Amino acid sequence: MAQKNNILAAAGCAPETIIVGLPNVSGKGRQRDYTPPFMRMDIDEADSPMGEGDTFLTFMEKELFPMMEKNYATSGIRTLAGNSRGGLLVLYSLLYKPHLFQGRLAFSPALWRDEHAICKQAAQLLPAAKGEESSFLFMSLGDEENTKMKAGFIDMMKVLERNASTHLVWQAEFTPKANHQSNADLSAAKAIRAWADFSLLNINIDYCQNKIGESIGFYPQSSPWFSFLFY
């Protein structure tokens, strides 16, 4: 489902955006699509298959993005947001498909899974990451979430502090009076605003306007806030 969101843009809080919802099929399908391939889908099953988050990201890259670019006036600037295990997928995409998204929002990411396996991968891969384009990562966790969630979150913060390149701008914080069920709702507005502030400062506005102009036949002259299209 693709939907154009003008409310935050009209309020001056975010660029004009196309929101694409990717519904999961619940249960095993969610575990499969949101879990990295080096982690088990279900830690409570000894013979659990490994995740297929790599396949899900390839679907986005090879099928979803071309479909969006064919049918909508997009800028090529993309943001991925996810909650809980979806937040785990957001961090996985940063490590293995860094070019796919310029912005990433991870709410209550399940970084504790498989003994902090994603944190260990980040410690190995982030120092070797190269690229000239800046990207943005926002992570949040409710300050009332359980101990294992907090341990994974703090571990990833330490990894980012030690290893993130200058091309990655990141922000991590605990949301006051939030738990695993409420954190995303309570921190989403702040995440979107932080991403919008980053995008206006770091993304080539002229490129975006020209990209849109090629698609719709004219080149917008209005504020850059309203010439960004995300999906």
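## Stop one: the main core

Start by selecting Met60, Leu91, Leu111, Ile118, Leu137, Met139 and Met156: within the largest nonpolar core, which has 39 residues, these touch the most other members. Keep in mind as you look around that this is a predicted model. Now colour the elements that each supply at least two residues of this core: helices H3 (53–71), H4 (85–96), H5 (113–125) and H6 (147–163), plus strands E5 (135–142) and E6 (168–175). Which of them gives the most? That's H4, with seven residues.

Next, zoom in on Met139. Beyond its neighbours within four places in sequence, Met139 is in contact with Leu91, Ala106, Leu111, Phe153, Met156, Met157, Leu160, Gln171, Ala172 and Glu173. There's also a second, separate core of ten residues; pick out Leu105, Phe107, Ala191 and Phe198, which are among them.

## Stop two: two crossing helices

Show H3 and H4 on their own. Their axes come within 11 Å and cross at roughly 75°, which means H3 is roughly perpendicular to H4.

## Stop three: two positive phi values

Select Ser108, in the loop between strand E4 (103–107) and H5. Ser108 isn't glycine, yet its phi is positive, near 45°. Is Ser108 buried or exposed? Buried, with a relative accessible area of 0%.

Finish at Lys177, in the loop between E6 and helix H7 (183–202). Here phi is also positive, near 60°, in a residue other than glycine. Lys177 is exposed, with a relative accessible area of 70%.

Terms used: Residues are numbered from 1 along each chain as its sequence is written. This is a predicted model: local features need pLDDT of at least 70, side-chain atom pairs count only at pLDDT 80 or more; totals for chains, interfaces and linings use all residues. Side-chain values use heavy atoms; hydrogens and water are left out. A nonpolar core is a set of buried Ala, Val, Leu, Ile, Met, Phe, Trp, Tyr and Cys residues joined through side-chain atoms within 4.5 Å. Buried means under 20% relative accessible area, exposed over 50%, partly exposed in between (1.4 Å probe, protein chains only). Helices (H or I, at least four residues) and strands (E, at least two) are DSSP runs, numbered from the N terminus. Contact means heavy atoms within 4.5 Å. Axes are lines fitted to C-alpha atoms, for helices over the stretch in contact, and angles run from 0 to 180 degrees between N-to-C directions. Angles under 35 degrees count as roughly parallel, over 145 as roughly antiparallel, 65 to 115 as roughly perpendicular and the rest as oblique.
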